[in-house]
Amino acid sequence: MLGVLFCVITGKIVAEIASPLLLVALSLLAVGLVSFLSPKIGLTIIIFSMIFSPKFEGIKLSEAHIHGAVILKVEDILLIIIFLAWFVRAAVVKRLPFLTHTRLNLPMFLYIFTCLTSTCLAYLRGELQGLRAFFYIVKYFEYYLLYFMTVNIVENRQDVMRYLRYGWITAILVTCYGYWSMTLGERVTVPFNEAFGSKDLGNEANTFGGYYLVIFAVLLAQFIHPSAGFSWWAWATLLFMMPPFLLTLSRSSYIGLTGALLFLLGLKTRKRLNLLFWVGLILIAFLFIPSVQKSVGDRIAFTFKGTGNLETMQLGSSTTLKLESSAMQRVTSWRDILLVKFPQHPLIGCGVTAVGLVDVQYPRVLGETGLFGLFFFLWLLYRLWKLSWSLYSEAAHPQDRALALGMLTALVGLLFHGFGANTFIIVRIMEPFWFLAALVARSHINLRNTQASIQRGYA
C-alpha cells in the first residue's frame with residue numbers, strides 16, 4: 001500500500017514539476033533500488049555504461065585554465081550509487097562478505113595512500129590549489145572500487161561468462177558507432193566524446209584504441225583456448241572491429257597491439273603461429289584498402305614529417321631528434337620529469353596533477369608520487385600478472401585459461417600503450433581493464449577453493 005502511495009505521489013510531482021533534475025534523481029533512485037535487490041543487475045548496468053556514458057561539466061574550478069571544470073560521467077554517479085546499494089545490502093544481509101581478500105588488495109591500498117599523501121603534502125607546501133587533484137584521486141579510487149565490488153558480486157563461472165557476453169555486446173555496439181564515425185570522414189573516437197556544456201571537445205581516439213586492446217586480448221585468448229565453439233566467433237568479431245581500430249589513427253594503440261601479439265607469439269602453444277598468420281592476414285587485408293592504407297600510413301609518417309616545422313631535441317653533441325609536436329611532447333615529458341620534477345621530491349613526488357600535462361604513464365607516476373608511488377604502482381601490476389599467470393597455468397577448464405590469458409595479453413598491450421598515453425588513469429580503458437581483472441581474481445579464488453575441497457576430500 002505504501003509503495004502504491006509513493007508511486008502516485010511521485011507521478012503527481014513529476015507531472016506538475018517536470019524538472020529534468022527530478023527525473024534524473026528518480027532514475028538514479030530506481031537504479032539504486034534495483035541494485036539493492038539484485039547487485040548482479042547493477043553490475044550489468046555498469047558494463048553497458050562504461051563506454052555509453054555521457055559526460056558533463058561538473059564543478060567549475062578555474063576560469064583561466066583550459067581545463068577549468070571537472071568533467072564527470074554519468075557512469076561515475078551510477079558506480080557510486082550501485083556501490084552504496086551493494087554496501088547497504090552487505091550490511092543488511094549479514095552472511096554476505098563485504099571485502100573479499102585478493103592478492104591485489106594491499107598494493108591497491110598502498111598506491112592510493114601514496115597518491116593521497118603526496119597530494120596533501122603538495123597542498124601544505126602551497127604547490128597545489130583547488131580541488132582538481134582530489135577529483136583525480138577519486139577517479140583512481142573508482143577503478144579499484146569497481147574491482148572490489150565485482151569480485152564480491154560475481155560467484156561462479158556462469159557469472160563470468162554472462163558478463164563477458166555483456167562486454168562483447170557493448171563492444172559490438174560501440175564498434176557500430178565507430179563505423180558511423182567512419183562515414184562522417186572523422187577520426188574514429190569513443191561515443192560521447194564531448195562533454196555537455198563544454199567548448200573543449202578534445203579527442204579520445206587514443207582512448208578508443210586502448211579500449212580495443214582490452215577487447216582484442218580477450219578475443220585472441222578465446223582463439224588460443226576455445227570453449228563451446230568460440231574460436232571462429234572470436235575471429236569474426238576481431239575482423240569486424242579491425243577497421244575502426246585502425247582508423248583511430250592511434251600510434252600508441254598500434255604499438256600496444258604489436259606488443260600483445262609478440263607476447264602471444266612467445267607462448268609455448270601450438271596455435272601461436274596460426275594466430276600470427278591470421279592476425280597478419282587480417283591487418284594486411286585491411287591495409288590494402290586504399291583509404292585505410294593512406295590514413296594509417298600518413299599517420300605513422302606524420303610522426304617524423306609533420307605538417308610544418310618539426311620540433312628538434314638535441315640528444316648528444318652530434319645527434320638530434322626531429323618529431324612532430326605531439327610525439328615530441330611525449331619525449332620531453334620524460335626529460336622534464338627526470339631532470340626537473342623528480343629531483344624536487346624524489347621519494348613521495350610532487351602530488352597528483354602537480355607536474356602539469358604529462359601524456360605518458362610512467363614519468364607521470366614518477367613525478368606525481370615519486371619512487372614510493374612508482375614502486376607500489378609496478379607492484380600492483382606485478383601482483384596482477386602473477387595472479388593471472390597462476391590461473392592460466394593451474395586451471396583445467398579452457399574458459400578459465402582463456403580468461404587469464406586475455407588478462408595477461410591486455411596487460412602487456414596496455415603497458416606498451418602507456419608509452420604514448422596516460423593509459424592507467426583513462427576511465428574508458430581502466431574500467432573494462434579492472435572489471436576483467438576482477439573476473440580473473442574471482443576465478444582464481446574459485447580455483448583455490450576447489451583445490452582445497454579436493455585436498456580435504458583426500459584427507
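These notebook entries record what I looked up in a predicted model of one protein chain.

**Entry 1. Conventions**

I number residues from 1 along each chain as its sequence is written, and I use heavy atoms for side-chain values, leaving out hydrogens and water.

**Entry 2. Overall composition**

I began with the secondary structure, taken as DSSP runs numbered from the N terminus (helices: H or I, at least four residues; strands: E, at least two). The protein chain has 16 helices and five strands. I then classed residues by relative accessible area, with buried under 20%, exposed over 50% and partly exposed in between (1.4 Å probe, protein chains only). Of the 459 residues, 49% count as buried. For contacts I required heavy atoms within 4.5 Å. Among contacts between residues at least 6 apart in sequence, 70% join residues at least 24 apart.

**Entry 3. The largest nonpolar core**

Here I took a nonpolar core as a set of buried Ala, Val, Leu, Ile, Met, Phe, Trp, Tyr and Cys residues joined through side-chain atoms within 4.5 Å. The largest such core holds 116 residues, and Tyr 147 and Trp 434 touch the most other members. Helix α16 (residues 427–458) is the element that gives the most to this core, with 14 residues. I looked up the surroundings of Trp 434, leaving aside neighbours within four places in sequence. Its contacts are Leu 104, Met 108, Tyr 143, Tyr 144, Tyr 147, Leu 380 and Leu 384.

**Entry 4. Salt bridges**

Side chains of opposite charge can pair when their charged atoms come close. My criterion was a side-chain nitrogen of Lys or Arg within 4 Å of a carboxyl oxygen of Asp or Glu. By this rule I find eight salt bridges.

I examined Lys 40 and Asp 159, whose closest N and O atoms are 2.8 Å apart. This pair links distant parts of the chain, with Lys 40 in helix α3 (residues 39–49) and Asp 159 in helix α7 (residues 157–183), 119 residues apart. Lys 40 is partly exposed at 25% relative accessibility, whereas Asp 159 is buried at 2%.

I next examined Arg 157 and Asp 400, which meet at 2.7 Å, N to O. Arg 157 counts as partly exposed at 32%, and Asp 400 as buried at 9%. I also noted a network in which salt bridges that share partners join Lys 40, Glu 155, Asp 159 and Arg 162.

The salt bridge of Glu 127 with Arg 125 has its closest N and O atoms 3.2 Å apart. Glu 127 is partly exposed at 39%, and Arg 125 is partly exposed at 33%.

**Entry 5. Helix α10**

**Entry 6. Positive phi values**

Most residues other than glycine have a negative phi. I recorded Leu 249, which has a positive phi of about 60°. Leu 249 lies in the loop between α9 and α10 and is buried, at 16% relative accessible area. Thr 353 has a phi near 75°. Thr 353 sits in the loop between α13 (325–344) and α14 (361–394), and counts as buried at 19%.

**Entry 7. The second largest pocket**

I used a 1 Å grid over the protein atoms alone, on which a pocket is an open set of points where a 1.4 Å probe fits, with protein on both sides within 12 Å along at least five of seven lines; lining residues have an atom within 4 Å of a point. Grid points are joined across faces, edges and corners, and the volume is the space filled by probe spheres set on the points. The second largest pocket has about 430 Å³ of space. Of its 25 lining residues, Tyr 163, Leu 164, Gly 167, Trp 168 and Ile 215 are the closest to its centre. Helices α7, α8 (205–224), α9 (230–246) and α16 each supply at least two residues of the lining. The largest share, eight residues, comes from α7.

Notes. This is a predicted model: local features need pLDDT of at least 70, side-chain atom pairs count only at pLDDT 80 or more; totals for chains, interfaces and linings use all residues.
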